[in-house]
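Keep the sequence and the model side by side as you read.

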Amino acid sequence: MDGYQNILMAADFSQAGENTVKMADALAGGFCASLTILRVIEHFPEDMQVSVGPPEDVDPQKYLTDRALCYLEILSARIGQSGVALEVVVSTHSASREIVRYAQGHGIGLIVVGVWCKKSNEQYDIVIKQYSG
């Protein structure tokens, strides 16, 4: 790997996010690169379950975006970095599509993603993908 200037960590709300953000931070530090933590809210639900949705008087998209941003702030605080860029993207498309789209538009050279298996409740791996545009 030849020096990266911009690293993107794609975050979800799983336990894998905890380990992934530490790995992304270590990589950013090793390359003296900027780090962006991105959360994609995919397939924005029009008929969201009441248990995960906002109160009736709150805009659902704003509620989910604010909740995601709060989570990203917690992840950023856990690695002790104040200079990390935190981004939330709401999309009608898949998270993978939006992650690549974000990378294309922001000069990202490396994408770091945690992989979590919901069935076995185990973290499998941290996937590091060089992005060449």
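Helices (H or I, at least four residues) and strands (E, at least two) are DSSP runs, numbered from the N terminus. Phe13, for instance, lies in the loop between S1 and H1. This is a predicted model, in which local features need pLDDT of at least 70, side-chain atom pairs count only at pLDDT 80 or more, and totals for chains, interfaces and linings use all residues. Residues are numbered from 1 along each chain as its sequence is written, and side-chain values use heavy atoms, with hydrogens and water left out.

**Overall layout and confidence**

The protein chain has three helices and five strands. Read from the N terminus, the order is β-α-β-α-β-α-β-β. pLDDT is the predictor's confidence in each residue, from 0 to 100. The mean over the protein chain is 81, and 76% of the residues score at least 70. Confidence is highest in S3, at 95, and lowest in strand S5 (residues 122–130), at a mean of 55.

Buried means under 20% relative accessible area, exposed over 50%, and partly exposed in between (1.4 Å probe, protein chains only). By that rule, 38% of the 133 residues of the protein chain are buried. Accessible areas come from the Shrake-Rupley method with a 1.4 Å probe; for residues, only the protein chains shown count as cover. The accessible surface of the protein chain is about 8000 Å², and carbon and sulfur atoms supply 50% of that.

Contact means heavy atoms within 4.5 Å. Among contacts in the protein chain with a separation of 6 or more, 66% link residues 24 or more positions apart.

Two strands pair if DSSP finds at least two bridges between them. Strand S1 (residues 6–11) and S2 run parallel, joined by six bridges. Between them the chain passes through helix H1 (residues 16–31), and this β-α-β crossover is right-handed. That label applies if, with the strands pointing away from the viewer, the path from the first strand over the helix to the second runs clockwise. Ile7 has Leu35 in S2 as its bridge partner. Leu8 has Thr36 in S2.

S2 also runs parallel to strand S3 (residues 85–90), again with six bridges. Here Ile37 is partnered by Leu86 in S3.

How many residues of S2 are buried? Strand S2 (residues 34–41) has seven of its eight residues buried. S1 is mostly covered too, with five of its six residues buried.

**Selected residues**

| Residue | Relative accessible area | Class |
|---|---|---|
| Cys32 | 73% | exposed |
| Cys70 | 40% | partly exposed |
| Phe13 | 37% | partly exposed |
| Ser76 | 6% | buried |

Ser76 sits in helix H2 (residues 60–78). What does Ser76 touch, not counting residues up to four places away in sequence? The residues are Ile37, Gln81, Val84 and Leu86.

Phe13 reaches across the sequence. Leaving aside neighbours within four places, Phe13 is in contact with Arg39, Ala68 and Tyr71. The C-alpha atoms of Phe13 and Tyr71 are separated by 7.8 Å, although the two residues are 58 residues apart along the chain.

As for the cysteines, a disulfide is a pair of cysteine sulfur atoms within 2.5 Å. The structure holds zero of them.
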